[in-house]
Amino acid sequence: MSIITRRVIPATAIAGMMMLVATGCVAGENASADNGAASGEWSASTVTLDWATYNPLSLVVKDQGLLEDILGDDVTVEWVQSAGSNKANELLRSGSVDVGSTAGSAALLAKANGSPIKVIDIYSQPEWSAIVVGADSDIDSLEDLAGTSVAATKGTDPYFFLLQALEEGGLTVDDIEVQNLQHADGRAALEGGSVQAWAGLDPIMGAAEVESGAELMFRNVDFNTYGFLNATEDFIENHADLAQAVVDAYEQARVWALENPDETAQLLADTAGIDIAVATTVIQERSNLDVSGVPGEAQIAVLEKIAPVIVESGDVQGGQDAVDAALEEIIFADFAEKAVAAE
């Protein structure tokens, strides 16, 4: 179930914003000259975006009230939790959020299926998925997956990771039984014995390693796609001032997270309800936040590799033509370019 919260600024946000003032990253400085920060008026009175445990920067933006500080009292910020890329895509397509967090593969899938979205910022280059088996599993290789039941959340990076892993092992999706379960339910199914493997997602995957001895049977960082921050085309076209403010807040959060990895890990631990050791592994070893926020050729190159997998999955009604069109239209880098240039 989605969870909506209103503006809450913890005491730690005061210290965080004092640091931003000292470095010149206060509200409005990163904003374009023609947006609401300059005129005192914004294009809407409400902006809605998601937060997700797989998107650490969203936690920083939310916890420190960075967007609220940029927008001031004239705009209400609404936060909606996304439990996975598929859920974020549902929220974006329905217009329930203006900005949502997905994996790159999930964004391409949604765009190819007609969702009116574009990526406006890159929040991470993670290794957030792997093929996970139980502590006592006899599955030692990808070939051993033949004939097994595997949990995966369709429409997300872990699902497309699974498809690529199967190909690596000389298998196809027809060689296994896929149980389409949300990420947390996939972990529960693995631990309950109703599936033999799980295409996992951090931080849930990291918690399963520590708490139940689950093993990452197969890893390949190249099978993971970037973390995409997506906005609806309506939001981009009609509320560019607010979109710029969102990306500015994300770039502030990136600077803070890179300078404060321990605090970022603690924030993830507190939000996700996981052990600090798990959160530290996720943040410092499996979440590369030190990447450019500007979407561009690097992301397209990764998406071009995953595109055939998406087409062959049969999940895009328009097939190759729809995926090719989505690749040409998915990037909107203006806001991120301005935010990065203003740092």
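Student: Which residues of helix 14 meet helix 15?
Tutor: Ile 300, Leu 303, Glu 304, Ala 307, Ile 310 and Val 311 in helix 14 do so, and in helix 15 they meet Gly 319, Gln 320, Val 323 and Leu 327. Contact means heavy atoms within 4.5 Å. Helices are DSSP runs (H or I, at least four residues), numbered from the N terminus. This is a predicted model, in which local features need pLDDT of at least 70, side-chain atom pairs count only at pLDDT 80 or more, and totals for chains, interfaces and linings use all residues. Residues are numbered from 1 along each chain as its sequence is written, and side-chain values use heavy atoms, with hydrogens and water left out.

Student: At what angle do the axes of helix 14 and helix 15 cross?
Tutor: They cross at roughly 165 degrees and come within 10 Å. Axes are lines fitted to C-alpha atoms, for helices over the stretch in contact, and angles run from 0 to 180 degrees between N-to-C directions. Helix 14 and helix 15 are therefore roughly antiparallel to each other, a term for angles over 145 degrees.

Student: Which residues of helix 15 are buried?
Tutor: In helix 15 (residues 319–329), these are Gly 319, Ala 322, Val 323, Ala 326 and Leu 327. They lie on the same side of helix 15, because they cover an arc of only 140 degrees around the axis. That arc is taken from the directions from the helix axis to the C-beta atoms. Buried means under 20% relative accessible area and exposed over 50%, with a 1.4 Å probe and protein chains only.

Student: Why would residues three or four places apart point the same way?
Tutor: An α-helix has 3.6 residues a turn, so residues at that spacing point the same way.

Student: And which residues are exposed on the other side of helix 15?
Tutor: Asp 321 and Glu 328 are exposed there. The cover over the buried residues of helix 15 includes helix 6 (104–112) and helix 14 (297–313).

Student: Changing topic: is Asn 89 buried or exposed?
Tutor: Asn 89 counts as buried, because its relative accessibility is 9%. Asn 89 belongs to helix 5 (residues 85–94).

Student: What lies 3.1 Å from a polar atom of its side chain?
Tutor: The backbone oxygen of Ala 106 lies at that distance from the Asn 89 side chain. Beyond neighbours within four places in sequence, Asn 89 is in contact with Thr 102, Ala 106, Ala 107, Ala 110 and Ile 117.

Conventions:
Helices (H or I, at least four residues) and strands (E, at least two) are DSSP runs, numbered from the N terminus. A polar contact is a pair of N or O atoms within 3.5 Å; within protein, one must be able to donate a hydrogen and the other to accept it, and residues adjacent in sequence count only if both atoms are side-chain atoms. Angles under 35 degrees count as roughly parallel, over 145 as roughly antiparallel, 65 to 115 as roughly perpendicular and the rest as oblique.
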